[in-house]
Amino acid sequence: MDKKLDISETSIAEKKLFAKAFETFNSSIEKLRLYQMKLEGRIQELTTELHVKNRELTNILQSLSTGLVVTSLDGRIKIFNRATSAITGISEEEAKGKKLNELMGFDILPSEVNEEAIQTIEEGLDCKFQYQKLSGQKSSDQQKDSEGELITLEGSTTLMRSEGNQNLGVIVNLTDVTMIDRLKEDAERKRRLAAMGEIAMQVAHEVRNPLGSIELFVSMMKKDAAEGSEELDLIEHVLSATRSMNHIISNLLEYTRPKPIGLDIIEVHDLLAEFVKFSQHFANSQSIEIYSELEAEESHIKGNKELLKQVFLNIFMNGTQAMDEEGGDFTISTVNYTETDPIVLKRFTGRIIDDRGLDLFRITFKDTGKGMSEEVRSKLFEPFYTTREQGTGLGMSIVHKTLASHGGVILVTSKPGVGTSLHLLFPQVTERD
């Protein structure tokens, strides 16, 4: 009887022990479940934070005004921000995964990222190159056939590293310095012209006086020469050369002598129509087709009709002379638009420009001639610079000076083998005018 009682008491004790163990186990499971829920909640919070930070970083990268590209160590594009797309004309979707050097057509990054290349990038790898910007919706594979603008880009590279100082990729900054370079060219040109103008004025006056005497004496000799004689031919040749020299000096004095001009509010479309009619006969004789695309709704500017006619003629003659014997196309187009590029706006000196930009009237003269190299384009408006044997090199200089006297700006885009476009920008007439 006592033995049975001991077994029963042992069984009860074991049951209590098991119950206590299960209770402890259940409590631990519950605690683990709570820890898991807290851990899942924290993971969710961290995931949300990471998503927000990534979105903020993406917004920052996309909002940068300079082009930013992030590549892997083998040069494949991972990030291609909005500014880079605007600069190159290539969308981010099209750029991702491609090698940067192949996409840009220039070795911005070393072809092989070895220790030496990493050291070079770490010390700062800078470059400057010409890039043909894509126009319209063309893909990068069609770039060679594109007629996009040729721009100048500057690139600088830095290494992207982890907290553990591990190399993760390369960051490339791209900046369009086309207009900055042109402003520098303008400043340098003005400096040279100021010095040249002083010298040219003195030389022109010194040469013109004896030149007048030569023409007078040769004219007197002509009266004594017999008709049809060799002497008369020589005299005529000297007179022709003297008058040619006098014409060049007169152009030089016209260019260097500051002269106030009268500006009136004029309707440019009427002036262009008159110019086309005047030029049509010459164009027909040279197998040149003139096209007019006058789309501007407002074409009134402050200008001088006679001077602008001379500008149009100089540009037309330059364009036609750039074409071959088979002729070509010469297109005149106009448009109204608001300029917001601060680099272009800086060229409109003496005008009050608000945050919205400047309303402009643009005339574009486009030819299908042989185009210009970057070197020729940079010297286009320098006096006495010409690529023609019989040219004086003053025509386009006078064009540049006339635009400046009208408060306007002239921009040039050109591609060898395709042609040249000259963009004449005039401030539109306002109520204050």
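This is a predicted model: local features need pLDDT of at least 70, side-chain atom pairs count only at pLDDT 80 or more; totals for chains, interfaces and linings use all residues.
1. Largest nonpolar core. This core has 34 residues, and those that touch the most other members are Phe312, Ile315, Ile332, Ile363, Phe365 and Leu424. At least two residues each come from helix H8 (268–285), strand S7 (288–294), helix H9 (305–321), S9, strand S10 (358–367), helix H12 (395–405), S11 and S12. H8 makes the biggest contribution, giving 6 residues.

2. Another core lies apart from the largest one and has 22 residues. Among them are Ile90, Leu100, Met104 and Ile108.

3. Ile363. With residues up to four places away in sequence left out, Ile363 touches Val268, Leu272, Phe312, Ile332, Ser333, Thr334, Leu422, His423, Leu424 and Phe426. Of these, Phe312, Ile332 and Leu424 are listed, like Ile363 itself, with the core members that touch the most others.

4. Second largest pocket. This pocket holds about 600 Å³ of space. Its lining has 20 residues, of which Glu149, Asp176, Met179, Asp341 and Val344 are the closest to the centre. Two or more lining residues come from each of helix H2 (82–88), helix H6 (178–224), strand S9 (328–339), helix H10 (342–345), strand S11 (409–415) and strand S12 (419–427). Sorted by class, the lining comprises 10 nonpolar, 3 polar and 7 charged residues.

5. Cavity. The structure has 1 cavity of 30 Å³ or more. The volume of the largest cavity is about 100 Å³. Around it stand Arg182, Glu185, Asp186, Arg189, Arg347, Arg377, Phe381, His400, Ile410, Leu411 and Val412. H6 and S11 each give at least two of the lining residues, and H6 has the largest share, with 4.

6. Arg347. Beyond its neighbours within four places in sequence, Arg347 is in contact with Met179, Leu183, Asp186, Val409, Ile410 and Leu411. Asp186, Ile410 and Leu411 also belong to the lining of the largest cavity, while Met179 is one of the residues closest to the centre of the second largest pocket.

7. Gln132. This residue is part of strand S3 (residues 125–132). Gln132 has a relative accessibility of 16% and so counts as buried. Which side chain does the side chain of Gln132 meet in a polar contact? The partner is the side chain of Lys415, at 3.4 Å. Lys415 falls within strand S11 (409–415), which also gives at least two residues to the lining of the largest cavity.

8. Ser287. The backbone of this residue deserves a check. Most residues other than glycine have a negative phi. Ser287 has a positive phi, near 60°. Ser287 counts as partly exposed, because its relative accessibility is 46%.

Conventions: Residues are numbered from 1 along each chain as its sequence is written. Side-chain values use heavy atoms; hydrogens and water are left out. On a 1 Å grid over the protein atoms alone, a cavity is a set of points where a 1.4 Å probe fits but cannot get out, and a pocket is an open set with protein on both sides within 12 Å along at least five of seven lines; lining residues have an atom within 4 Å of a point. Grid points are joined across faces, edges and corners, and a volume is the space filled by probe spheres set on the points. Ala, Val, Leu, Ile, Met, Phe, Trp, Tyr, Cys and Pro count as nonpolar, Asp, Glu, Lys and Arg as charged, and the others, Gly among them, as polar. Buried means under 20% relative accessible area, exposed over 50%, partly exposed in between (1.4 Å probe, protein chains only). A polar contact is a pair of N or O atoms within 3.5 Å; within protein, one must be able to donate a hydrogen and the other to accept it, and residues adjacent in sequence count only if both atoms are side-chain atoms. A nonpolar core is a set of buried Ala, Val, Leu, Ile, Met, Phe, Trp, Tyr and Cys residues joined through side-chain atoms within 4.5 Å. Contact means heavy atoms within 4.5 Å.
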